[in-house]
Protein chains: 2
Amino acid sequence: MRIGELSRLSDVPVATIKYYLREGLLAPGVHTYPNQAVYNDDHIIRLRLIRALIDVGGLSISTASELLAVLDAADLTAWESVGKVHYALARRTAPDRDAVLDEAAGHTVDEMLARRGWQIRPDSPARRTLIHLCATLRQLGHDDIVAALDDYADAIASMVAVDMSLIKSQASIAATIEKAIVGTILGDGLLSALRQLAQEHASRPLLQNNRPKR
Amino acid sequence: MRIGELSRLSDVPVATIKYYLREGLLAPGVHTYPNQAVYNDDHIIRLRLIRALIDVGGLSISTASELLAVLDAADLTAWESVGKVHYALARRTAPDRDAVLDEAAGHTVDEMLARRGWQIRPDSPARRTLIHLCATLRQLGHDDIVAALDDYADAIASMVAVDMSLIKSQASIAATIEKAIVGTILGDGLLSALRQLAQEHASRPLLQNNRPKR
């Protein structure tokens, strides 16, 4: 199909498709004439993934581009690929590598990791994010949230068991990587929505008792 | 203290403090002379909360302002307040109220809610977000993530038990609301970081087996 039909079928404007082509998020079509290219169903599927990461997942073009490059690099082992996905995603929110992190919060996080036996690379951006959040929570006087870190980690462990069963059952490295990307980006939104629904339900009996008596 | 000292102690520029005062995020100081106001420790504490919501939590000024207004409205019951916090937060990512949602995804979500007995207001933005995410995941071919919704809800339920034990133990309505705001905004980041750390650890043995043999 030509770019006009690709635009119609994917519901993405032609100008945006051309931008994704220039930035390398979308593979070029097959050139039939000097100024004409032909696209196929793979392009529609990729456009859906790009739009989901950007519109629904809230990623920047550059982060989406970095993740899709990992997905396209078929020469990586799955281990390296999933690691790269995590690290690309986590850099969105992590403090800079050379930022000075709060020492007490660093101990709290590293002790939690040691207690659970979680083996994490020392330069993990998720570890830096967690240290920064714990320091901020303590500064705001919410030490009780930091103190509940192990309880939260217990709940997270059963959630990650579900994640891993989905990731493990993929047939190819490319499918594994796409599951890791989509599961992390859209999955975080899904878990946040589920948490709010569960909180709304759980707040009912508690808070109705607090209503002023008539 | 004067605004200059407030700026120095809170590490927030004077111009930014004046902006928060104009927008109503920060209460005015006590006027001593027509053009001079005096601030106290409460202003430092509030500035820390504002900066955490915006810088660490990634909220817009207007969402932060909406949440702080809920916190400041001492005439609400806790039940109404926590509901307002959730709904203000969830609107960040939820599809518009009049958006047409995917019918099949709507059934999937409502059946999950019914199975768990979760009582949710019909206009819940978190419910709309969840429906939209499930429809997007199916469109991308990730039906297996949607099929794992109940497994994820199980893990979320034990996480929300921790949330509720923290929220319930607050002494005042204002403290309950602040715990709900901070726990949701910074808590989502904390859980996302924990999930990535647990995934990194869980991926190790699985993925090292996939390394090409030498």
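This is a predicted model: local features need pLDDT of at least 70, side-chain atom pairs count only at pLDDT 80 or more; totals for chains, interfaces and linings use all residues.
Residues are numbered from 1 along each chain as its sequence is written, and chains are lettered from A in the order in which they are written. Local features need pLDDT of at least 70 and side-chain atom pairs count only at pLDDT 80 or more, while totals for chains, interfaces and linings use all residues; side-chain values use heavy atoms, with hydrogens and water left out.

Two copies of a chain are related by a rotation about an axis and a shift along it.

Contact, meaning heavy atoms within 4.5 Å, joins 79 residues of chain A to 80 residues of chain B. Together the chains bury about 8100 Å², 71% of it on carbon and sulfur atoms; buried area is the accessible area (1.4 Å probe) lost when two parts are put together, summed over both.

Between the chains there are 8 salt bridges, each a side-chain nitrogen of Lys or Arg within 4 Å of a carboxyl oxygen of Asp or Glu. Glu200(A) and Arg121(B) meet through their side chains in a salt bridge, at 3.6 Å from N to O. Helix 10 of chain A gives the most to the side of chain A that touches chain B, with 26 residues (helices are DSSP runs of H or I, at least four residues, numbered from the N terminus).

Thr184(B) is in helix 10 of chain B, residues 173-208. Thr184(B) is buried, with a relative accessible area of 3%, where buried means under 20% with a 1.4 Å probe and protein chains only. A polar atom of the side chain of Thr184(B) lies 2.6 Å from the backbone oxygen of Ala180(B). Apart from neighbours within four places in sequence, the contacts of Thr184(B) include Arg195(A), Gln196(A) and Gln199(A) in chain A, and His86(B), Leu89(B) and Lys179(B) in chain B.

Conventions. Helices (H or I, at least four residues) and strands (E, at least two) are DSSP runs, numbered from the N terminus. Buried means under 20% relative accessible area, exposed over 50%, partly exposed in between (1.4 Å probe, protein chains only). A polar contact is a pair of N or O atoms within 3.5 Å; within protein, one must be able to donate a hydrogen and the other to accept it, and residues adjacent in sequence count only if both atoms are side-chain atoms.
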